[in-house]
Number of protein chains: 2
Amino acid sequence: MSLLVVGSVAFDSVQTPTATRENVIGGSAVYFSYAASYFNPVRLVGVVGEDWPEEHTSMLQQRQVDMAGLQIVPGSETFRWSGKYLPNMNDRETLEVHLNVFGDFDPIVPEDFKNSPYVFLANGSPVVQMKVLEQVDNPQLVVADTMDLWIREFHDELLELLEKVDGLVLNDSEAKLFTGEENLIKAGHKILSMGPRFVIVKKGEHGAMFFSEEQTYVLPAYPTSEVVDPTGAGDSFAGGMMGYLAEKEAHDIESLREALAYGTLVASYNVEDFSLDRMQQIERKELDERFATYKKMLNLG
Amino acid sequence: MSLLVVGSVAFDSVQTPTATRENVIGGSAVYFSYAASYFNPVRLVGVVGEDWPEEHTSMLQQRQVDMAGLQIVPGSETFRWSGKYLPNMNDRETLEVHLNVFGDFDPIVPEDFKNSPYVFLANGSPVVQMKVLEQVDNPQLVVADTMDLWIREFHDELLELLEKVDGLVLNDSEAKLFTGEENLIKAGHKILSMGPRFVIVKKGEHGAMFFSEEQTYVLPAYPTSEVVDPTGAGDSFAGGMMGYLAEKEAHDIESLREALAYGTLVASYNVEDFSLDRMQQIERKELDERFATYKKMLNLG
């Protein structure tokens, strides 16, 4: 079932305590698409400058990602982000952000993409996210991501968006900021009361929590000792989750739980190397094998 | 199967962002014993001063806790601890510690207790923990807890102890301190290589990790929005775990996993009120019900 993602396409420069990578392919829509592509074709809407290499586009196309929605703006530069991870590999410091062409991103959903039943609004201004929603025809499942900047500066717009989406994904510190609640269970329920059918709170190395009217639960992260670069973990989590749902053509409560698990496992691979490097080495088979191990690890008889 | 615990018996004074309790019953051996008593009788070895009220002793006796190993030292005062929780309810500040009679604790295991097959060495100096081990006859399962103070000041004694125990339980920051590893999976495996058959790293609100030669896994905490006082969470976790194993008379890898889950659930009740208050309101039935919910929450089909 068709899956649309709208979000950033970027060059990242990442420093970790042991290594550095400059100008590698990144951005929320890119991590999402690659992760989702293990399960289902993806339609990407985003924007880049003329410094964007054609081979990045074709690499994604080879992964069933339809790049017809990627605007290339002449005379512009692609979004660039650089950051540095602290020794705990969980906290990071943003060193530089050059929004460049992404600063004026006005998403245009191609005619062919408008019938997408599954939609992911990757991290972006709620105003931009709403513009996307206005262009799609009766999607079945819309999930949005957000971040501290939008919570602080576009609070009302975010609340308006929450009435139109099925699910919201955000991280633990953002959930606390958004609600003023220190307890994540209270925070999750508070966001639930703002409109969405479900809320997912990402806790990085500690896994993810799910909140809906019917169920509250938490799934741990897959225990990996190979954390090389956490960049894109949240987006690859969302990609694995949405890709699985689109493939299964279902978003009932049980499918959502399996999807959360698959999202967790795609993210666990993603952090094992820089950029898309680790994801590019694995196939669906590795995900299914890790799923079997994960399932066993959580099985209480 | 008989279960012995040696540890502190104390009066705690606790401040949280919303409430305060003064001089309530606490201490590692007390939390442990109460938690274990849902599953199995407990034999307690500890020390108090003459300020210790007889009703605390009889309350525990009514919970199948054999108090014959509680030394009451005339002219002395009981160990007192006071602490303050930060708004996140995970981090705390110790305000005062008066070791009092616990400062010279020389554990004497009563003759009747020496045949205990299951032994828990609650948080204490590795020297004291070793003295207990020297007094018990061929126990089947010995698990020890530790803390930053012993890791820093009694490093060699702790290493010596680790060669004699089956399992070590410690929290995440202690595991990092002990090993110099920021990644908990690496830290867990490093401690494993020091001798014990298994290592359990407690992550507070984020659950617990298990490490053995055969298995590495993580179980999340039970999602509760009622976190009133986290004091004793680690000890009630250990009590639930060891009590379950002693009841089941088994400590194979599958039993350990179920025991970890029961420990998690006893702890999830314990934090819902001050001191032993919440645990005193529940029965085994509530634990089994929460176990069923928890199992379902982690079931991936």
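Helices (H or I, at least four residues) and strands (E, at least two) are taken as DSSP runs, numbered from the N terminus. The model is predicted. On this basis chain A holds ten helices and 13 strands. The radius of gyration of chain A is 18 Å, close to the 19 Å given by the globule rule for 301 residues, so chain A is as compact as a globular protein of that length. Its C-alpha trace spans about 60 × 40 × 35 Å along the principal axes. Among contacts in chain A with a separation of 6 or more, 65% come from residues 24 or more positions apart.

Helix H3 of chain A covers residues 126-135, and its buried residues are A:Pro126, A:Gln129 and A:Val132. Viewed down the axis of H3(A), these residues fall within an arc of 115°, so they line one face of the helix. An α-helix has 3.6 residues a turn, so residues three or four places apart point the same way.

In chain B, strand E2 (residues 10-15) runs antiparallel to strand E3 (residues 20-26), and five bridges join them. E2(B) and E3(B) form a hairpin, with four residues between the strands. Within this pair, B:Gln15 stands opposite B:Thr20. E2(B) also pairs with strand E6 (residues 79-85) of chain B, here in the parallel sense and over six bridges. B:Phe11 stands opposite B:Arg80 in E6(B).

Key. Residues are numbered from 1 along each chain as its sequence is written. Chains are lettered from A and ligands numbered from 1 in the order in which they are written. This is a predicted model: local features need pLDDT of at least 70, side-chain atom pairs count only at pLDDT 80 or more; totals for chains, interfaces and linings use all residues. The radius of gyration is taken over C-alpha atoms; the globule rule is 2.2 Å times the number of residues to the power 0.38. Two residues are in contact if their C-beta atoms, placed from the backbone, lie within 7 Å. A residue is buried if 20 or more other C-beta atoms lie within 10 Å of its own, exposed if 12 or fewer, and partly exposed in between; C-beta atoms are placed from the backbone. The arc is that of the directions from the helix axis to the C-beta atoms. Two strands pair if DSSP finds at least two bridges between them.
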